[in-house]
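Here's a quick briefing to go with the model you have open. Take a look at the fold before reading on.

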Amino acid sequence: VAVEKEMQEVVGQAARPLTRRSGASLDSPLGNLVSDVMRDAGTEVTGKPVDVAFTNKGGLRADLPKGALTRGHILEVMPFDNALVVLELTGEDLLGILDRSSMHGGDPISGVTFRIENAKAVDVKVGDAPLDPARTYRFCTNDYIVDGGGRYESIKKARNINRTGVLIRDALLNHVIHQTEQGKVIDVPNTPRVIGVAPPNKADM
């Protein structure tokens, strides 16, 4: 009963439904929210700016409704105990991850915009600058991907891997609580991050 009451506790308010599906772009309001939270958490826990945060869309298991958000809603979105990992990748290897993601229509991402063309990532920008294949980027993802989930082969070339132990679900919950304490509702900008046409007959990863 105590656990049930805790799950029903209202922790924030969503300005609109934050769903795993979008319209013209291939990103989604919920995916954008979670990846932004991951990038901020990675920066906070390591004390250094994270350039890119990336997660698999299959790890988001429910939408967030408009209006009251409970602890239970957050748990439904992320029922798995996936933890935040911060690492370093070259631009070339980052592009490899984006190409793999493009094969099934993209995944939640923060700090990057790109188009999908012929199941490849093109016109990739990190922040406001074109992706530099030779540059080292600080990259944040989950331990499922680092451990081989989704077959993102380029992740095997990562360096300086920091398994933070921070559950992404907890980072999302803390973000909602913090925003609420500041009198803010939960929302994300509508700016498209992934543009293109999803390949047909590709299951969500």
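How many helices and strands are there in the chain? The count is six helices and 11 strands. Keep in mind that this is a predicted model. The radius of gyration is 16 Å, close to the 17 Å that the globule rule gives for 205 residues, so the chain is as compact as a globular protein of that length.

**Overall picture**

- Along the principal axes, the C-alpha atoms fill a box of roughly 50 × 35 × 30 Å.
- Of the 205 residues, 48% count as buried.
- Among contacts with a separation of 6 or more, 77% come from residues 24 or more positions apart.
- The accessible surface of the chain comes to about 10100 Å², and carbon and sulfur atoms hold 51% of that.

- β6 (residues 112-117) pairs with β11 in the parallel sense, over three bridges.
- Within that pairing, Phe-114 has Val-194 in β11 as its bridge partner.

**Salt bridges**

- The structure holds 11 salt bridges; a few of them are picked out here.
- Arg-135 and Asp-51 meet through their side chains at 3.6 Å, N to O. Arg-135 lies in the loop between β8 (129-130) and β9 (136-142) and Asp-51 in the loop between α2 (29-46) and β2 (52-54), so this pair ties together parts that are 84 residues apart in sequence. Arg-135 is partly exposed, at 39% relative accessibility.
- Asp-147 and Arg-163 form a salt bridge at 2.7 Å, N to O. The two are 16 residues apart and link distant parts of the chain, with Asp-147 in the loop between α5 (143-146) and β10 (159-167) and Arg-163 in strand β10 itself. Asp-147 is exposed, with a relative accessible area of 55%, while Arg-163 is partly exposed at 48%.
- Glu-153 and Lys-156 also pair up through their side chains, at 2.8 Å, N to O. Here Glu-153 is partly exposed, with a relative accessible area of 47%, and Lys-156 is exposed at 65%.
- Arg-115, Glu-117 and Asp-123 are joined in a network of salt bridges.

**A closer look at Lys-157**

- Where does Lys-157 lie? Lys-157 is in the loop between α5 and β10.
- Is Lys-157 buried or exposed? The relative accessible area of Lys-157 is 51%; with the cut-off for exposed set at over 50%, Lys-157 therefore counts as exposed.
- Which residues does Lys-157 touch, not counting those up to four places away in sequence? The answer is Leu-89 and Asp-93.
- Lys-157 and Asp-93 are 64 residues apart in sequence, yet their C-alpha atoms are 7.3 Å apart in space.

Terms used
Residues are numbered from 1 along each chain as its sequence is written. This is a predicted model: local features need pLDDT of at least 70, side-chain atom pairs count only at pLDDT 80 or more; totals for chains, interfaces and linings use all residues. Side-chain values use heavy atoms; hydrogens and water are left out. A salt bridge is a side-chain nitrogen of Lys or Arg within 4 Å of a carboxyl oxygen of Asp or Glu. Helices (H or I, at least four residues) and strands (E, at least two) are DSSP runs, numbered from the N terminus. Buried means under 20% relative accessible area, exposed over 50%, partly exposed in between (1.4 Å probe, protein chains only). Two strands pair if DSSP finds at least two bridges between them. The radius of gyration is taken over C-alpha atoms; the globule rule is 2.2 Å times the number of residues to the power 0.38. Contact means heavy atoms within 4.5 Å. Accessible areas come from the Shrake-Rupley method with a 1.4 Å probe; for residues, only the protein chains shown count as cover.
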